[in-house]
Each structure stands twice: as C-alpha cells, then as structure tokens.
Amino acid sequence: MSEYFQSFIDYVAARNPNQAEFIQAVKEVSSDVIPYINEHAPELINLKLLERMVEPERTISFRVVWLDDNQQVQINRGYRVQMNSALGPYKGGLRFAPTVNLSVLKFLAFEQIFKNSLTGLPLGAGKGGADFNPKGRSDNEIMRFCQSFMTELYRHIGSDTDVPAGDIGVGQREIGYLFGQYKRLQNNFTGVLTGKGPAWGGSFMRPEATGFGLLYFVERMLYENGDSLKGKKVAISGAGNVAYYAALKAIALGAKVVTISNSNGTIYDESGFTLEKLDYVNSLNRNLEAYTARYAGEYHAGKKPWQFTCDIALPCATENELNEQDAELLLKNGCICIAEGANMPCTAEAVEAVLRSDMLYAPGKAANAGGVAVSGLEMSQNRLGQQWPADAVDNQLKKIMHDIHDTCVHYGKNKHGKINYLKGANIGGFIKVAEAMKSQGLV
Ligand SMILES: NC(=O)C1=CN([C@@H]2O[C@H](COP(=O)(O)OP(=O)(O)OC[C@H]3O[C@@H](n4cnc5c(N)ncnc54)[C@H](O)[C@@H]3O)[C@@H](O)[C@H]2O)C=CC1
Ligand SMILES: O=C(O)CCC(=O)C(=O)O
C-alpha cells in the first residue's frame, strides 16, 4: 500500500480513538479508493476529499428520558450522524440496540455514503439511533421512547434536510410512533421518514426491498458468472426484516433456504424453509428453539449458520458476525458465494480470505442497497403526492440492483476478467460523491 494510504489511516485512527468499527470501514473503502485516486485523480489528494468524507458534517448526541411501565425514569443516549450531503438530503436508518455507540453509527453512516451513491438516486448519507434495548419492552414503552427520541430529533431533520428510516430494532411500528410525534410537533404531514405504513405515505415494497434487492443482486451476479439460484442451498443468518424477505425471495427464485438464526442460536432445516415455516419463525418472538416442536428441523444453541454446508451464504443480521474461520469453513464446504444483507457482517480478515479465493463476494453497500433505494422512491412519491403500485416499485428496485451490479463489474473487473465486487462498489460509489464535493467547493 502507498505512503498516502498509511498516513491517511494513521490520521483517521488518531482522530477517532476507540472507534474500531469506523476505522474498519474506512480502511476497507480507502484500500480501493486511494490506489484509484493515485492513478486517475491525483488532484483529489490536495483537495483532501477522503479526509473530508471521514469527518461527519454534523454529529448530534442527545438525552432521551422516558418513563417505563413501572413508573421508573429511564435515560438513554440518542444520536444522529449527518455524514455527507453532497448528493442529497442525509439518508439512512435509525438503530435501537444496546450496542449502539458513535463508532457503530459512524461506520454505518460512512458505508451509507457509497451505498446511496450507487443507487443513482439523489441521496446523501446519515445514520442514527439510540442505545435503547427494545427487547422485552411493552408497546407503550416503545411508544413513549419513540416520542421522547423524536422530541429532540425533530429539530435536526426534515424532508429536504435529513430523512431517517428503520434499521435493527426499528420497523414500521417504531416509524409510526416517530412520525406521529414529528407531525404533532411540526404540524406538518411530510415525508420526513421512510418506511411508513402504505396507508399514511409509505411506499409499497419498502419492507421487502432490502431482502428482495439482495436476491436480485445475487441472481445477477450468478448469471454474470454463468450460474443461477435454481436448486442452490442457501444459509441465512438473522430472523428479522432483511433475513425474512431474503428467504422469501430466495425460495421464490428456486433456492432452498436451510438456516435462520438469531444471537442465541441457529435453526437448521435440511428440507428447506417454506413460507409457512418462516411465518411460524416470526411468531416465535425470538424463541427459535420452539421451532423443533412443530417442524423437523434442528436447533443449535450458540451456533452460527456458517458451519452448515451451503452453496450461498447470506449474512443478514449484524456487523462482524462472520469471521475468518467461518469464511474458511464455508470455503472448505464448497460455498460459492457470500452476499451481505447486513452492513459489514464479514470481518476484515474474512473479506481478505474470501478475496484470495474464487468465491463470489457481494459487499453490503452494493447488495443491500435495495432498502435505501426504495426509501428514495418513497421520498419521490411523497414529493409528488402519489403512491405507485407494488409491481412498479418492484420493477424499479430490480433495475436499480442490476445497475448497481453492473457498476461493480465496470469498476471491479481486472484484465483477466475476474470481478472484485468490493473494489467495484467502493470506486463506483466514491466517484460520484467526489465529483459532487469538488463542484460544491470547500464545504
Ligand atoms: N432494514 C433495512 O432496510 C436494512 C437493513 N440493513 C442491515 O441489515 C441487518 C439486519 O437489519 P434488520 O433485518 O432491519 O434488523 P431487524 O431488527 O429486523 O433484525 C435483526 C436480526 O438479527 C438478529 N441478530 C442480531 N444480532 C445478531 C447476532 N450477533 N447474531 C445473529 N443474529 C443476530 C436479531 O435477532 C434479528 O433477528 C443490519 O446490519 C442492518 O444494518 C441494511 C440495509 C437496509
Ligand atoms: O431506507 C433507509 O433510509 C435506511 C437504509 C439503511 O439504513 C441502510 O441501507 O443501511
């Protein structure tokens, strides 16, 4: 690696102590982008484009006070990282989980810059959330928390400023409570959040978009490499929004899904999940062990899905959930493709192991961009005061995922025809943002 790369990483590490996830994401992007800049756009070095991209435009941190069902006062910390507005209003989800901290949100917001650029839509990048654990909380507690969170956040967001959406722990229920509180405070029914219910400004297909988009990407990637999803054995991690819709679409495209998991363990069902089985998993409310009382699957407490033989691995749960050993095991067992539904689910070492092999690797910023893409379409519908039919949105989603795939191929194919989708996504995502920042002057 070049001198510039090392001095850049040292600079970022010194300015962001104790932010391991953020530095991991920055290293991963800059290891592709810096050689590209050195060769094709050295003028960007003096403009300090990358140095500017790693500095959030604004970071908001605030107190969230609320009353639990036992009348006890609870205090959480809320955040919004407004990372980059070169291409449009800040855009990205809100995460409610005890693991939320600035390092995690900055890595997510940083990844969002390149992901949102790849969609081809006018979307800047942001991410936010709180260290609030929704597990075991009543519906009323969730509502009170959301109302308190929005009572501060509302002054920093707007339909042309910053448009949050969901992420881990934030689905349509939470978006509803957040939206209701924003409307009450601002007296304004506007597209300030995406992932809304279809009856009150939401886009059809937003719940499905990330999981479906992931499979559209995988389908295209396999096709490009002379293969298809038909008859493939697919291992999926997670049991939330992305995992569920990824499983549904994989099954619809002729694959067999054999695992679903959460942080406690994995269900392995050799005969493959069906829609009915997946809906049963949803009804279990995190108690995956109960699956075996009804269906002939196995429950493996404390185990990840990556030990089971599969052709395709789709990590759809959380960051750094698939490590180097997992990647080696997948390779040994004949897995041909890892595609990330989650954000940065593979550790840096796992990515290196995969890139050294012939396995296909689709990074999250490309493969899971379908969610934010349909959020972008929801913003367009809100501005126009329209609601487009589900099949029209689905067709646009498919086209966007295919275009992202082709951008990755364009920037990631080497002279021997091998495609590095990570490099393609990093460079393809970077170029547009860099051009926009250059045009907009020193901001
Ligand atoms: N919801 C969306 O539209 C998008 C989500 N993503 C990413 O996809 C991932 C999943 O998000 P959602 O499905 O929306 O969240 P969710 O809250 O609906 O589901 C998360 C699932 O992951 C499981 N999980 C959490 N930690 C785990 C661990 N250590 N090991 C195994 N399972 C674990 C949870 O039990 C839950 O089943 C996250 O990385 C998120 O940032 C990315 C793009 C868009
Ligand atoms: O739809 C959105 O704005 C959020 C999507 C998101 O958070 C992500 O792509 O990781």
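**Figure 1. The shell around ligand 1 draws at least three residues from each of domain 1 (58-189) and domain 2 (207-362), the domain bounds coming from an automatic or database assignment.** This is a predicted model, in which local features need pLDDT of at least 70, side-chain atom pairs count only at pLDDT 80 or more, and totals for chains, interfaces and linings use all residues. Residues are numbered from 1 along each chain as its sequence is written, while chains are lettered from A and ligands numbered from 1 in the order in which they are written. In this view 24 residues surround ligand 1, and the closest are Gly-240, Asn-262, Ala-317, Ala-342 and Gly-371 (a residue is near a molecule if its C-beta atom, placed from the backbone, lies within 6 Å of it). Helix H9 (241-252) and strand S7 (256-262) each supply at least two residues of this shell, and H9 gives the most, with three residues (helices are DSSP runs of H or I with at least four residues, strands runs of E with at least two, numbered from the N terminus). By class, the shell around ligand 1 has seven nonpolar, 15 polar and two charged residues (Ala, Val, Leu, Ile, Met, Phe, Trp, Tyr, Cys and Pro count as nonpolar, Asp, Glu, Lys and Arg as charged, and the others, Gly among them, as polar).

**Figure 2. Ligand 2 is surrounded by residues that include Lys-91, Asp-167 and Asn-343.** Strand S3 (90-96) and helix H15 (370-384) are the elements that give two or more residues to the shell around ligand 2. Sorted by class, the shell around ligand 2 holds two nonpolar, six polar and three charged residues.

**Figure 3. Lys-127 carries the feature "active site" in an unreviewed UniProt entry.** The record's position is given in the numbering used here, its feature name is shortened, and the annotation may be inferred rather than shown by experiment. Lys-127 lies in strand S4 (residues 125-130), and it counts as buried because it has 30 C-beta neighbours inside 10 Å (buried means 20 or more other C-beta atoms within 10 Å, exposed 12 or fewer, and partly exposed in between, with C-beta atoms placed from the backbone). Leaving aside residues up to four places away in sequence, Lys-127 touches Val-81, Gly-92, Gly-93, Leu-105, Leu-108, Ala-109 and Gln-112 (contact means C-beta atoms, placed from the backbone, within 7 Å).

**Figure 4. Domain 1 and domain 2 have centres 27 Å apart, taken over C-alpha atoms.** Their contact takes six residues from domain 1 and five residues from domain 2. Helix H5 (residues 102-118) provides three residues, the largest share of the side of domain 1 that touches domain 2. The residues on that side of domain 1 divide into three nonpolar, two polar and one charged.

**Figure 5. Ile-251 is placed in helix H9.** Ile-251 is buried, since 20 other C-beta atoms lie within 10 Å. Apart from residues up to four places away in sequence, Ile-251 touches Val-257 and Phe-273. Ile-251 and Leu-229 are 22 residues apart in sequence, and their C-alpha atoms are 9.3 Å apart in space.

**Figure 6. The protein chain, shown as the setting for these views, has 17 helices and twelve strands.** Its C-alpha atoms fill a box of roughly 65 × 55 × 45 Å along the principal axes. Buried residues make up 51% of the 443 residues in the protein chain. Among contacts in the protein chain with a separation of 6 or more, 73% are between residues 24 or more positions apart.

Technical notes:
Two residues are in contact if their C-beta atoms, placed from the backbone, lie within 7 Å.
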